[in-house]
Amino acid sequence: MITLGQQEKNTFLEAVNKKSGANILECYQCGKCVSTCPVSEFMDFPPREIMQMVKLGLKNETYMANSTWFCLTCSACSGRCPREIEIPHVMEAIRHLSIEENYVSNDKKVKEIRRFHDIFLDMIKRYGRNYELRMMAEFNIRTRNLFKDVHLAPKALLKGKIPIGHESTKSVKAIQKMYKLAEKLEKSKKS
Amino acid sequence: MNKLTYFPGCSAHGTSEEFDHTLKLVMKTLDVQMDEIPDWNCCGATSAHVMTENLAFALPLRNLVLAEKLENKTMGIACASCYARMKVTKKEMDEHPELAQRINSTIIEEGEYTGSVDVQSMLQYCYETIGLETIKSKVTKSLAGLKVACYYGCLLTRPKNVTHFDSPEYPMSMDYLMEALGAEAVEFDFKTECCGASFSISNTDVVHSLSGKILEMAKASGAHMIVVACPLCQSNLDMRQPDIAKMLKTKLDIPVMYFTQLMALAFGFPKEELRFPKHIVPVEDALSNIGKIQPAPEKAKKTKKAVEAESEVE
């Protein structure tokens with residue numbers, strides 16, 4: 001039998017609470033977040049169930065779900081939550097913990113989303129600013145979907161909607177140093 | 001003369017160049033000096049905060065530090081996503097000085113953050129600092145006849161404890177701004193429903209679904225066009241509209257314009273300056289409604305017989 005809050009130390013719940021600054025035990029499962037969330041229909045488990053899973057210490061299931069990766073951080077849920085729980089922060093905390101602990105979901109869509117974010121961050125590292133065309137091209141190549149959105153290209157490029165060239169900051173080296181220092185800070189936090 | 005520090009964001013010279021350009025035009029008319037932050041960097045947008053913690057704060061923080069060197073009290077940001085990241089970063093740095101100190105001293109070399117610059121979206125700046133009366137006074141070509149659905153997206157007014165601007169559920173600032181230009185802002189229930197935002201490239205099906213709902217609702221609300229204040233919203237609703245129309249098996253043909261383009265139009269700037277060719281869904285048809293004000297329906301004249309018949313009914 002599990003008594004919420006009093007079972008053998010729920011380190012997962014503690015970790016998520018600490019990282020998000022929220023107190024998940026306050027959630028009384030009203031479901032308002034589910035009806036508000038624009039992407040809940042696409043999630044393996046909608047926000048309410050993720051909260052319950054964390055309360056029950058179901059770390060593996062929570063990390064493997066696509067829910068936190070589909071969260072748009074649109075804050076519609078937290079605006080309406082009667083307990084004023086910062087649900088987007090909870091989703092973010094779970095995501096960051098899963099990255100830190102090296103859990104990678106096998107879900108194809110989650111892998112593509114993560115790949116997109118990696119490419120985006122790589123673009124900023126190279127140019128200090130985003131280079132949209134290269135980002136879209138790299139995403140297509142790395143997800144082996146060469147012709148995705150290609151039908152949009154002629155109109156978008158001709159109209160100048162998506163620029164062909166790119167800009168860089170003058171201090172690209174400062175940005176690259178920033179990346180290295182941020183990584184160092186993450187590592188020193190863990191040790 | 002008002003002075004404003006300006007952060008353009010990565011899309012300003014690309015996918016949302018029409019926003020950046022018309023914004024600069026209207027700010028000049030409104031006597032606002034815009035000082036662009038020299039050598040600004042990408043704020044990290046969605047990707048940085050989804051994947052990292054310290055870098056997600058460091059990237060916007062560098063811009064905040066650079067902004068402080070310009071000595072203007074306010075920084076205006078066009079892109080809603082950049083605005084959200086800078087505003088959240090400022091809030092965290094102001095509320096957790098130890099975190100600010102750690103990130104500032106370890107990662108940022110450009111200077112020390114003091115929190116002296118206020119961060120606002122350009123919509124907020126127009127509504128609160130410039131004010132509707134000033135904007136109305138610069139209108140030379142009223143947009144009367146044009147019905148618009150004002151789409152705010154999810155980041156301009158949410159979360160409430162970060163933006164402190166307008167309503168997170170049913171905002172009206174853009175609506176009132178459009179009315180000051182002479183247009184009619186229709187009642188629109190999907191004002192702050194997320195369009196799918198950053199999933200534009202990595203999870204396009206979700207964008208088709210969410211943006212599709214917004215487009216259908218705008219059409220059902222009787223609007224000629226949708227007005228936006230966010231580059232990603234504009235891109236999702238405009239560039240992806242043909243695909244969405246195909247998926248929904250319906251005709252949409254509802255153009256999506258930035259509020260600054262309509263302001264520039266109302267202020268009398270020539271069409272060549274307003275970047276109409278950049279739109280995937282053409283804007284000309286919707287704009288041709290300007291000047292065609294619907295006359296009030298004429299009351300049908302009752303015949304004498306009908307009046308008598310009515311008075312007999314009792």
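How many residues does helix 7 of chain A have, and how far does helix 7 reach from its first C-alpha to its last? Helix 7 (residues 87-100) of chain A has 14 residues and reaches 20 Å, close to the 20 Å expected at 1.5 Å a residue. That expected span is 1.5 Å times one less than the number of residues.

## Before we go on

This is a predicted model, where local features need pLDDT of at least 70, side-chain atom pairs count only at pLDDT 80 or more, and totals for chains, interfaces and linings use all residues. Residues are numbered from 1 along each chain as its sequence is written, while chains are lettered from A and ligands numbered from 1 in the order in which they are written.

## Helix 7 of chain A

Helices here are DSSP runs (H or I, at least four residues), as are strands (E, at least two), numbered from the N terminus. Since 10 of its 14 residues are buried, helix 7 of chain A is largely enclosed by the rest of the structure. Buried means that 20 or more other C-beta atoms, placed from the backbone, lie within 10 Å of a residue's own; exposed means 12 or fewer, and partly exposed is in between. Among the buried residues of helix 7 are A:Ile87, A:Met91 and A:Leu97. After the helix comes A:Asn102, with a positive phi near 65°.

## Two helices crossing

The axes of helix 1 (residues 11-20) and helix 7 of chain A come within 8 Å and cross at roughly 115°. Axes are lines fitted to C-alpha atoms, for helices over the stretch in contact, and angles run from 0 to 180 degrees between N-to-C directions. On the helix 1 side, the contact is made by A:Ala15, A:Val16, A:Lys19 and A:Ser20, and helix 7 brings residues including A:His89 and A:Ala93. To be in contact, two residues need C-beta atoms, placed from the backbone, within 7 Å.

Over in chain B, a cis peptide bond joins B:Arg158 and B:Pro159, with omega about -10°. You'll find B:Pro159 in the loop between strand 5 (147-150) and helix 8 (160-163) of chain B.

B:His164 isn't a glycine, yet its phi is positive, about 45°. B:His164 sits in the loop between helix 8 and helix 9 (173-180) of chain B, and counts as exposed with 12 C-beta neighbours inside 10 Å. Chain A has its own case: A:Arg144, not a glycine either, has a positive phi of about 55°. A:Arg144 is exposed, with 7 other C-beta atoms within 10 Å.
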